[in-house]
Every structure is written in C-alpha cells, then in structure tokens.
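Colleague: I am new to this structure. Could you take me through a single part of it, closely and step by step?

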Amino acid sequence: GNMISIILKPYFQGVPILAGHPLTERLTQALQRYMPLIDWALKHHVYVNLRFNQVNTWPGQPKTVWPYDDGRSLWQDTSAQDELIQAWTDIAKEFKGRVGLLFNVLTEPQSTDSTEINAGVPWQKWNDLYPRLVAAIRAQDPQRWVVVEPAFGDPSGFAPQPGLDPASFPGLAVSSDPKVMYEFHFYS
C-alpha cells in the first residue's frame with residue numbers, strides 16, 4: 001500500500017482531549033501522537049489521509065459526537081461550524097506545502113440527535129458547510145487534495161434514488177474544485 005489513513009478526533013480512548021478548549025487546540029494535541037508516523041510516511045512517499053472524525057466510540061464509553069460534548073450542534077450552531085472551519089484553516093497552515101497529505105474534512109458526517117436526523121438537518125447543512133471548509137483550506141494551501149463524504153459515508157448518497165432511506169444524503173453538491181475528491185464506505 002502507499003497510503004495510510006489517520007483518524008483525527010478530539011478524543012483519546014473515549015475521553016475528550018482538552019474538553020472545553022477550541023477544536024484547534026484539541027486536534028493539535030491529538031496530532032502530536034501521530035507526527036512521527038506522518039513524518040515517516042511522507043519521507044518514504046507514503047500518502048497520508050488525515051481524516052477528521054467527530055464520533056467518539058470506545059468500548060465501555062458512551063458514543064458522543066463533537067461538538068455535542070459541549071452541548072452544541074454542528075448542524076445548528078454557527079459557532080461550532082466556524083470552529084471546525086478554523087481548525088482546518090490552522091491544520092492547512094501547519095502542513096502547507098507538504099506533499100502527500102490529503103485532508104478528509106469530516107468522516108461520515110452525522111448527528112446523534114434524532115430530531116435533527118428526522119428533519120434532515122445534517123444533510124441539508126452539509127452542502128453549505130463543506131464548500132466553506134474547502135475554501136478555508138484553499139486560502140492557506142491551494143494545492144491540497146480535500147476529501148468529502150456523504151452522510152454516514154453512504155454511497156447511495158451520491159445521487160437521488162427512489163425509495164432512498166430519508167436518513168441518507170441524496171443530492172450531495174458536487175464541487176467545481178479540481179482537487180476535491182469524494183469517498184464513500186461500504187458496510188454491507
């Protein structure tokens with residue numbers, strides 16, 4: 001293989017990293033443990049897919065989703081959206097010009113709030129949010145490849161289909177940016 005995927009999240013072994021601090025600080029702290037691996041991979045021409053995952057799943061710990069750990073919703077709170085954008089801006093600055101890194105701005109975008117899910121809030125907002133994330137990265141590093149996923153990483157979310165589960169994400173907006181790629185996951 002010539003690529004590794006590093007899941008970057010504001011939790012470690014089920015416990016929030018720097019709870020209450022801005023996401024940039026939390027992710028910077030999380031990144032520290034991966035820097036030797038990232039440096040090694042890039043030195044040996046192995047690509048690194050740095051993927052933000054907002055979900056905390058750890059044996060014996062309750063499932064939590066950032067930023068719900070501080071009471072906000074990514075899909076309804078602009079301060080949470082701005083905080084995510086700022087975190088990617090700062091990461092893009094940190095790695096500017098380092099060839100071989102891809103940024104997956106949000107792995108399997110999702111909510112834990114059934115009211116939000118039933119109202120389709122995350123999926124409606126994602127088409128507005130992900131272009132802002134891409135633009136923030138572009139402002140710092142115009143050549144960086146950026147990866148975008150539909151909700152829950154569901155491949156059926158790339159095009160509207162009759163009878164599609166309402167929790168999927170039909171109609172993912174396609175970016176005109178030539179360095180945006182799309183990823184999906186198969187679980188069945």
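Modeller: Start with helix α5, residues 121–140. In this predicted model, α5 lies across β7, β8 and β9. Its direction runs at about 165° to β8.

Those strands belong to an open sheet. The sheet has 5 strands, in the order β1-β4-β7-β8-β9, and the pairing is parallel. At its edges stand β1 and β9 (180–182). Each has a single partner strand, so one side of each is left without a neighbour in the sheet. On average, neighbouring strands are turned by 25° against each other, direction ignored.

Strand β8, residues 145–148, is joined to β9 by 3 bridges, and the two run parallel. Here Val147 stands opposite Met181 in β9.

Another helix, α3, also packs on the sheet. It touches β1, β4 and β7, and its direction makes about 180° with that of β7.

Next comes α2, residues 35–43. Its buried residues are Met35, Ile38, Ala41 and Leu42. They cover an arc of only 130° around the axis, which puts them on the same side of α2. The general rule is simple: an α-helix has 3.6 residues a turn, so residues three or four places apart point the same way.

What covers these buried residues? The cover includes β1 (3–8), α1 (23–32), β4 (47–52), α3 (78–95) and β7 (101–104). The face of α2 turned away from its buried side carries exposed Pro36 and Lys43. Just after α2, His45 takes a positive phi of about 60°.

Terms used
Residues are numbered from 1 along each chain as its sequence is written. This is a predicted model: local features need pLDDT of at least 70, side-chain atom pairs count only at pLDDT 80 or more; totals for chains, interfaces and linings use all residues. Side-chain values use heavy atoms; hydrogens and water are left out. Buried means under 20% relative accessible area, exposed over 50%, partly exposed in between (1.4 Å probe, protein chains only). Helices (H or I, at least four residues) and strands (E, at least two) are DSSP runs, numbered from the N terminus. The arc is that of the directions from the helix axis to the C-beta atoms. Contact means heavy atoms within 4.5 Å. Two strands pair if DSSP finds at least two bridges between them. Axes are lines fitted to C-alpha atoms, for helices over the stretch in contact, and angles run from 0 to 180 degrees between N-to-C directions.
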